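Reader: I would like to work through a structure with you. Please give the general idea each time, then the case at hand.

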There are 2 protein chains.
Amino acid sequence: MNTPITVAIVEDKELIRQSLAILVDGADGFACQATFETAEAALDHLPGQCVDVVLMDIDLPGMNGIDCVRHLKQLCPATQFMMCTMYDEDETVFEALKAGANAYILKRSPPHKLLEAITELHEGGSPMSSTIARKIASSFHINPTAPNELDVLTPREREILDRLSKGHSHKEVAAELFVSPTTVRKHIFNIYEKLQVHSKVEAVNKYLGRK
Amino acid sequence: MNTPITVAIVEDKELIRQSLAILVDGADGFACQATFETAEAALDHLPGQCVDVVLMDIDLPGMNGIDCVRHLKQLCPATQFMMCTMYDEDETVFEALKAGANAYILKRSPPHKLLEAITELHEGGSPMSSTIARKIASSFHINPTAPNELDVLTPREREILDRLSKGHSHKEVAAELFVSPTTVRKHIFNIYEKLQVHSKVEAVNKYLGRK
DNA sequence: TAAAAAATCATGCAAATGCGGTATTGTCGG
DNA sequence: CCGACAATACCGCATTTGCATGATTTTTTA
């Protein structure tokens, strides 16, 4: 047998932690090297052993699993983190990915799927539950049906706003569009009214969809 | 048997197109309803029939598969698009997702995996090859080792830039930080020099990481 | 075709901003 | 202890910008 994939588990609920440990340790090619009840315990002891894969519960007492990953990923860059959670809430998924997790599965996944996911993760993949993958894919979509604030703007106003967003001044935009600077100023004034803002930065923020 | 999943195939290479059609049509629960050699042909005929799933090659003569999806997704919002490609290049993956595709698999996937992916896609999932999923997950990572331009800024400068990015004026920032407006202006001036920009919008763009 | 919306241009003012120089204070590392 | 740097602060000037008011022409749409 090849060297097994070493796994650590961070999970506060006794029953689940034990079940996972037994599942992983019992399977061929896997070795459960450590289990922790809290994020803090994992932070204390994991950096020393640097396992291959960490199964991380999100909803932990004290520090949550996402923040735990954020810290551990710095200390053990080679370790892969798989978030395990009961629910597939939007925000936590993205927060977990940002923190450095590479896999996100639901606890209700069947055991064999879990082991498969661990293997896949260890081999460089990023296993995700279908519904979670869909969320992620959707986040890329340029949503055409979004209740876009920018709809109230005319094409010309959008054109001008787009150039403002690139950091161009009134004068520059005027030159680019071959119109008078005063015209551009008028447009910008209209844009501000429609978007309910009072400065370029605010307008550009709305245009680029950042709050 | 339930109503089968209706599938269309867009693929220029005769051999692959036929193979896929036979595979899909031969499988239980699937029906290949149409095949097209080009994006243009698909655009002409698909909107009328609105199938469940479209397998879309990316590298097509004339219009490419991504642009084709972009248009078709508008016309048939209910249809799911699965990109099929030989390679897993970075940019095309993201472009495809932005265009509205919900699945992205490699042609070298085994036949049963392909059928499984079609089913999963039709049921609301987003099947991806592991390597592609990893690319996507990685795109969310906030790379802590990135050569961040903002490193040259002092903490105080970042603080000020952060408030500017929220649309606050010199005066407002000064009030928030309990310092004189001239101090804030000086800081901003320094920020501009360090970031090599000449206006708030440009500075904020760099701060928030857009080009 | 008449009314509404969009695009164009102008003038003017006050405030905000960009750019330059100068200076004081405190901290930190060599 | 000294130099480098950060943070603080001021003065001044030219430009940009936010805001108001008004007007003409073109385009869209009802």
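Author: We will take symmetry, domains, a helix contact and backbone angles in turn. Keep in mind that this is a predicted model.

Reader: Let us begin with the copies. What rotation and what shift superpose chain A on chain B?

Author: In general, two copies of a chain are related by a rotation about an axis and a shift along it. Here the rotation is 179 degrees and the shift along the axis is 0.2 Å. The superposition of chain A on chain B has an RMSD of 0.6 Å. That is the relation of a two-fold axis.

Reader: Which C-alpha of chain A is nearest the axis?

Author: That of Val201(A), 3.1 Å from the axis.

Reader: How is chain A divided into domains?

Author: Domain 1 covers residues 5-140, and domain 2 covers 149-207. Taken over C-alpha atoms, the centres of these two domains of chain A are 46 Å apart.

Reader: Now a helix pair. At what angle do the axes of helix 7 and helix 10 of chain B cross?

Author: At roughly 110 degrees. Helix 7 spans residues 155-165 of chain B, helix 10 spans 200-207, and their axes come within 9 Å. Angles of 65 to 115 degrees count as roughly perpendicular. Helix 7 and helix 10 of chain B are therefore roughly perpendicular to each other.

Reader: Which residues meet there?

Author: Helix 7 of chain B brings Arg158(B), Leu161(B), Asp162(B), Leu164(B) and Ser165(B). Helix 10 of chain B brings Lys200(B), Ala203(B), Val204(B) and Tyr207(B). The residues of this contact divide into 5 nonpolar, 1 polar and 3 charged.

Reader: Last, the backbone. What is the phi of Cys50(A)?

Author: First the rule: most residues other than glycine have a negative phi. Cys50(A) is not a glycine, yet its phi is positive, about 40 degrees. Cys50(A) sits in the loop between helix 2 (39-49) and strand 3 (53-57) of chain A. Its relative accessible area is 37%, so Cys50(A) is partly exposed.

Reader: And Gln196(B): where does this residue lie, and is it buried or exposed?

Author: Gln196(B) lies in the loop between helix 9 (181-195) and helix 10 of chain B. The cut-off for exposed is over 50%. Gln196(B) has 63% relative accessibility, so it counts as exposed. Gln196(B) too has a positive phi, about 60 degrees, although it is not a glycine.

Key: Residues numbered from 1 in each chain as written. Chains lettered and ligands numbered in written order. Predicted model: local features only at pLDDT ≥ 70, side-chain atom pairs only at ≥ 80, totals over all residues. Heavy atoms only, no water. Axes fitted to C-alpha atoms, helices over the stretch in contact; angles between N-to-C directions. Helix = DSSP H or I, 4+ residues; strand = E, 2+ residues; numbered from the N terminus. Parallel < 35°, antiparallel > 145°, perpendicular 65-115°, else oblique. Contact = heavy atoms within 4.5 Å. Nonpolar A, V, L, I, M, F, W, Y, C, P; charged D, E, K, R; others polar. Buried < 20%, exposed > 50% of the residue type's maximum accessible area, 1.4 Å probe, protein only. Least-squares fit on C-alpha atoms with pLDDT ≥ 70 in both. Domains from an automatic or database assignment.
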